[in-house]
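Good morning, colleagues. Please turn to the sequence and the structure on the screen, and I shall take you through a few of their features.

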Amino acid sequence: MPRFLALAALLAAPLAQLGDSMPAILQALQLPALVTEARQAGVTDAMVRDLLDVLRRRGLPADEAVLVVREEVDAVHAGAPKDNFGAFVQRQLDAGHRGRALAEAIRAEHRARGIGHEQVRPPQHRDTTRPKGGQP
Amino acid sequence: MIAPIGRLALFTALLLAAACGRSEGRAAGGTSDMTAVDRAVAVAQGIRAHPTAADSILAAHDLTRDGFDALMYDIAADSALARAYTEAIR
């Protein structure tokens, strides 16, 4: 977690300069830190790799992968079973979701199973790099 | 006289082959991996310093957008590399 926060702090200055825009490259830079956070939260390396493989095979750019992985990491922090990491992603990809719609669909699946997101994101967590209001 | 020279040549060739093999292993598992992390960290720091020049920074590191995505995926998929990147970016 501290490492992710450090990365978020690193990216905070450029984001502040860019206003509300979220360049895909800046977002993509978070991918290694996010999966590190997942591993530190107890998700197995195999599950992380499986999810990354799925996203990569489907041709998702790294910035969109960040959206997906973030939802999954948040779900784990919210108490979702760690062995469920990435379980909903394939289905949502099959349904044709991409980008923020994909992330929202995954979040909705977690919510439908009683895994909320609002209470899990620590105050200093992610907000420097996550766009507000769910719009691009 | 020829036989000892031949044996010496064979021994030298085997030594060279072994050295090359070790060198390649290091490159695959060590040097090139570290280069990937160093490259990604350099890109991250460059974009931090010049946030509006992201594309130019990628180009300066010989990265296309697809290549950059691949770099991020590659580092993320390797727990040690992902950790190294995350720590280096602090």
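Let us start with D62(B): this residue counts as exposed because it has 8 C-beta neighbours inside 10 Å, and the cut-off for exposed is 12 or fewer. Please bear in mind throughout that the model is predicted. Where does D62(B) lie in chain B? The residue sits in the loop that joins α2 (54-60) to α3 (65-77) of chain B. Its backbone also deserves a remark: D62(B) has a positive phi, near 55 degrees, although the residue is not a glycine.

I turn now to chain A. Its secondary structure consists of 7 helices and 0 strands, so that the pattern along the sequence reads α-α-α-α-α-α-α. Of the 136 residues in chain A, 41% are buried. As for contacts within chain A, if we take those between residues at least 6 apart in sequence, 77% link residues that are at least 24 apart.

The remaining topic is the meeting of the two chains. Here 26 residues of chain A are in contact with 20 residues of chain B. Which elements of chain A give two or more residues to the side that touches chain B? They are α1 (2-18), α2 (24-28), α3 (31-40) and α4 (45-57) of chain A. The largest share belongs to α1(A), with 9 residues. By residue class, this side of chain A comprises 19 nonpolar, 5 charged and 2 polar residues.

Thank you for your attention.

Key
Residues numbered from 1 in each chain as written. Chains lettered and ligands numbered in written order. Predicted model: local features only at pLDDT ≥ 70, side-chain atom pairs only at ≥ 80, totals over all residues. Contact = placed C-beta atoms within 7 Å. Helix = DSSP H or I, 4+ residues; strand = E, 2+ residues; numbered from the N terminus. Nonpolar A, V, L, I, M, F, W, Y, C, P; charged D, E, K, R; others polar. Buried ≥ 20, exposed ≤ 12 C-beta atoms within 10 Å, placed from the backbone.
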